[in-house]
Amino acid sequence: MTNNLPSLLCKGLFAMALIFLLHACGSPAPAPTTGPTTYIRKNASKPEAAADLAALNVAMAKMKQMPCDSVQSWYYQGAIHSMPMSVANGNPLCPSYTTMAQMKTAWMNCTHDPMGASEMHFLLWHRLYIWHFEKIIRELSGKKDFALPYWDYTDKQYRVMPEIFRNPKDSLYESARLASLNAGEPIQPFMNPKLDMTKNDECTIYSVFNSQVDQAPHGAMHNYVGGGYAGDSTLWNRIYQGPNYGLMAQVESAGFDPIFFVHHANIDYLWERWYQSPNGAQPNLDSLLQQPWAYVFFNPDGKKVVYSIQDAFKQAFNMDYQYDVLQDTVKPPKAKTAVPENRKEIASLVLDHPVTKAAHPVPMALANVKQNLLQGQDMSRKATIMILTVGFKQQPRFDYEVYVDTDQPDASKLAGHLTFFGAMHMKEPAAEYTKTFTFDITKEFDVTKLNNNFKLLIVNSTGQPANEISVKKVKIETRDF
């Protein structure tokens, strides 16, 4: 974890606010793409994707030769996601940027906001980000039918990083990754639970699916690829110009590793697959509007494109690409929208309970259990949601599994995962930090039987005890879908 001076933090937050004002100007967003699918995104591990991966390699080589103030350049595009608040050694990769005061238009725009105010925009913003990147690659590579491949690591047969990302002679290679991945070894078995989409696919509410996928597989794979789980913080991270974790394990450097884009294409694929399933739904536009976020990108010709949240919402469900394994499926009608969630808090508990054991039961004496709110309700259209807030004093190294209504780890009682990619991103110095997680526990727990003996079990994914997080708050609520 890199320490940042409070003065730089203040400058950074001021710069972010200034950028929001500047975003009000600029080219308006184009009308949403309509018509038949033009481009097919292919599985990066299959031979069918070879031509697109070769085109990505050609384009990335050109982007890495461009000056960093060119909006098509590798550095500029990576910094749209985020970048360090300051860079040592004069930043040889981008001499015009060494402190936040020199930040360029649309930089540090990803949705990993320290206050969590942008969580609802996670899937939406990244969809548009990689789509604009995809169009730049299409232009620079000269491959007119280029579509961004996706690395489907959730399927066990594709757990090896595609070869073109592992060859030091290719522009898609990055040395600051987990060494075993660059050596062609498969993802290690301890990642299996975090890459299993069964729990996520059961979600019936976009905001919950969005949150759960953000933690795992998304955050889990960022940490894994960047060597975070290996504890390897001595890699030379050239974006920071110093020893750190690999590029993918830090929000500020993740967008500079080319594997980022096929990783996020996969997250987008998993979203689209869920959306086309019976459980899928669109985000609630009102909820998005209540958490304002900027959508600013660039077209291949260098023109800035500014989306309103309404425009971004429309575009996200009118894309000009499809995924190879979904192209023959019937897309859901545009009317497949989110219903008002009508949230009702059933119970809550504020506490301060350190998690110190490998499998740690958390005593729950829930206060103000409001069972009367469930009387006479049609529970078939309600999801039971658990919102869990944890505290920590420094970046947690470990991931955790959360179980409900059980004293022992039980797959049928798994609520989800606690992962901490980006947990310290842009946070000001404090005695303690918090992060909030949202889980759909409808199938794991019968909320009509809730009482003050609710069981919560937190398990360190490595099976070893640790004392780095504490449970701060638990809330149980119902939401309509």
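## A tour of rings, cores and cysteines

Begin by selecting Cys110, which is buried at a relative accessible area of 3% (buried means under 20%, exposed over 50% and partly exposed in between, with a 1.4 Å probe and protein chains only). Before moving on, note that this is a predicted model, in which local features need pLDDT of at least 70, side-chain atom pairs count only at pLDDT 80 or more, and totals for chains, interfaces and linings use all residues. Residues are numbered from 1 along each chain as its sequence is written, and side-chain values use heavy atoms, with hydrogens and water left out.

**Stop 1: the cysteines**

Stay with Cys110 for a moment: the closest cysteine sulfur, in Cys94, is 18 Å away, which is too far for a bond. Where does Cys94 find its partner? Select Cys68 as well, and you will see a disulfide joining Cys68 to Cys94, S to S 2.0 Å (a disulfide is a pair of cysteine sulfur atoms within 2.5 Å). The count of disulfides comes to one. Its S-S torsion is about 65°, so the bridge between Cys68 and Cys94 is right-handed. This pair links distant parts of the chain, 26 residues apart: Cys68 is in the loop between α2 and α3, and Cys94 in the loop between α3 and α4. Helices (H or I, at least four residues) and strands (E, at least two) are DSSP runs, numbered from the N terminus. Cys68 is buried at 7%, and Cys94 is buried at 0%.

**Stop 2: aromatic pairs**

Now show the rings. The whole structure holds 32 aromatic pairs; rings of Phe, Tyr and Trp (its six-membered ring) pair if their centres lie within 6.5 Å, with planes under 30 degrees apart counted as stacked, over 60 as edge-to-face and the rest as tilted. Select Tyr97 and Trp107: their ring centres are 5.4 Å apart and their planes at 75°, so this pair is edge-to-face. Both Tyr97 and Trp107 lie in the loop between α3 (74-81) and α4 (122-141), 10 residues apart. Tyr97 is buried at 0%, and Trp107 is buried at 1%.

Next, jump to Phe420 and Phe437, whose centres are 5.6 Å apart with planes at 80°, so they too form an edge-to-face pair. Phe420 sits in the loop between β12 (414-418) and β13 (433-440) and Phe437 in strand β13, so the pair ties together parts 17 residues apart in sequence.

**Stop 3: a charge over a ring**

Select Arg127 and Trp271. Arg127 lies over the face of Trp271, 3.8 Å from the ring centre (a charge sits over a ring if NZ of Lys or CZ of Arg is within 6 Å of the ring centre and within 35 degrees of the ring normal). For another example, look at Lys194, whose charged end sits over the ring of Tyr229, 5.5 Å from its centre.

**Stop 4: the cores**

Which residues have the most contacts inside the largest nonpolar core? They are Trp107 and Trp151, in a core of 110 residues. A nonpolar core is a set of buried Ala, Val, Leu, Ile, Met, Phe, Trp, Tyr and Cys residues joined through side-chain atoms within 4.5 Å. Colour α4 to see the largest share of this core, 12 residues. Apart from it lies another core, of 37 residues, including Val362, Phe392, Leu418 and Ala423.
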